[in-house]
Amino acid sequence: MKLKVLLINPWIYDFAAINLWSRPLGILKVAEYLSGFDVELALIDCTDIFNQIKYGASKYPKETTEKPPCIKSVPRKFGRYGISIDDFRDALRKNCPFDAVLVTSIMSYWYPGVRKVIEIARSFSKDAPIMLGGIYATLWSRHASETSGADFIYTGHISDNIKFAFNTFGFRIKKKREGLPYYRLGLYRQHQFAPVLTSTGCPFRCAYCSSRFLYDRFIQRDSPGVVREIQDLYSIGIRDFAFYDDALLVNAESHIKVILKEIIKHAPDARFHCPNGLHARFIDDELAGLMKNSGFRTLRLGLETVDVERQRLTGGKVTSEDLLNAVKKLKNKGFTKNDIGVYLMYGLPGQGLDEIKEGVQFLKSLDVRINLTEFSPMPKTEYWEKLKNKGIVNDEIDPLLTNNSVFAYLFSGYDIDELARLKLEVKEYNLKPPGIRA
């Protein structure tokens, strides 16, 4: 009999969550890899339930749960986002019996969802080994090993090490065929949107980002392969695509420009979304035009701060002038405030509220949407080490305390009421039509 492998994407446990074209691409890539072996695959995605807002973006249902003790003081409702516990149990029953379970993990502070799915899956099959991989498992491998309940912690990206993980439990999986699919989106019942990853890693070394610890180098896929993937997904009716790249616009002449020129010819009514911050310095007139003509609908540019020295110290990937020039070029091609959002970070070590207010005023002057983003400390990064030296974090800290909402509330030192007023100001500004900046 074939080995039956159950793949699980856990719930989100947080104070807030919205689905901005989110699919567990890591576990889908695992499915792609395993589909080349003689195994049977099944997927339970605990976040595969939502009410659509626009272009596939959506809201998850939330069930309020008790806050863990270490974040009790945060004055917000904590909850589980996704399907109900009963629906998860029903899905497990439908997939029984299974021989092995692979669980993915994304945000480290969502680990309560990881623990919960492992606990419940274990109750259905005590003999099936449970393997945990993903970002949390990689960056917090010790914590995951000690608290998740998994039998095996898989760190790093997808490779033949997966075979070693199976061998650990006596499973000898055999190669079946060549020519794998791009990823197993077919494991889902509905295809409302699709993630696209044209590269892995990032050539930049931002002080707050852990990308270089997840991927040891920056690799871009060949452009024809990316185009074929989008065409294949387009052919089954998908129209909304989300780029998951950390550095989509790097080497634009030989990469994204080539891809978009082909997409304009072969997928004329596709819509593209960039929830990750784009590098403004790479947007020239030609690229802005290609993005408009190929159907880009959601643009998010990374700025993080307007402080010149902090821009330099955090990696030097963008300046305020870079952003200004990019916005001008995008608007000249027809993009408006409704399409262009800019990430502005707060809660960075040593960052005062005046710096954030200055950033807000700058972005208002550009007539773009403002996406305030809370800083979340990531292990091994430069900022993590600075915070360790100040005694604010340590390697034994509960990952829940690195939740961006929690960290900003407990450790930023901001006047919470003043921060709330600034957030309200930004919210009201974002609701105004393009051209009204006050």
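In helix 12, the residues Ser320, Asp322, Leu323, Ala326, Val327 and Leu330 are buried, a term applied under 20% relative accessible area, with exposed meaning over 50% and partly exposed the range in between (1.4 Å probe, protein chains only). Because these residues cover an arc of only 150 degrees around the axis, they fall on the same side of helix 12; the arc is that of the directions from the helix axis to the C-beta atoms. An α-helix has 3.6 residues a turn, so residues three or four places apart point the same way. The model is predicted: local features need pLDDT of at least 70 and side-chain atom pairs count only at pLDDT 80 or more, whereas totals for chains, interfaces and linings use all residues. Residues are numbered from 1 along each chain as its sequence is written, and side-chain values use heavy atoms, with hydrogens and water left out.

Helix 12 comprises 13 residues (320–332) and reaches 18 Å from its first C-alpha to its last, close to the 18 Å expected at 1.5 Å a residue; the expected span is 1.5 Å times one less than the number of residues. Helices (H or I, at least four residues) and strands (E, at least two) are DSSP runs, numbered from the N terminus. The buried residues of helix 12 pack against helix 10 (285–294), strand 17 (296–304), helix 11 (308–313), strand 18 (340–346) and helix 13 (353–366), with contact defined as heavy atoms within 4.5 Å. Glycine 334, which follows helix 12, has a positive phi near 110 degrees.

Strand 12 is joined to strand 15 (residues 240–243) by three bridges, and valine 196 has phenylalanine 243 as its bridge partner in strand 15.

A second open sheet contains three strands in the order 2-8-7, paired antiparallel. Strand 2 (12–14) and strand 7 (62–64) stand at its edges with a single partner strand each, so one side of each lacks a neighbour in the sheet. Strand 2 pairs with strand 8 (residues 79–81) over three bridges, and aspartate 14 stands opposite glycine 79 in strand 8.

Aspartate 14 is also among the contacts of tyrosine 109, which include Tyr13, Pro399, Thr402 and Asn404 when neighbours within four places in sequence are left aside. Tyrosine 109 lies in the loop between strand 9 and helix 3 and is buried at 6% relative accessibility. Its C-alpha atom is separated by 9.1 Å from that of asparagine 404, 295 residues apart along the chain. Serine 108 is found in the loop between strand 9 (100–103) and helix 3 (111–124) and is buried, with a relative accessible area of 10%. Not counting residues up to four places away in sequence, serine 108 touches Tyr136, Trp140, Pro399 and Thr402.

Methods
Pairing = 2+ DSSP bridges.
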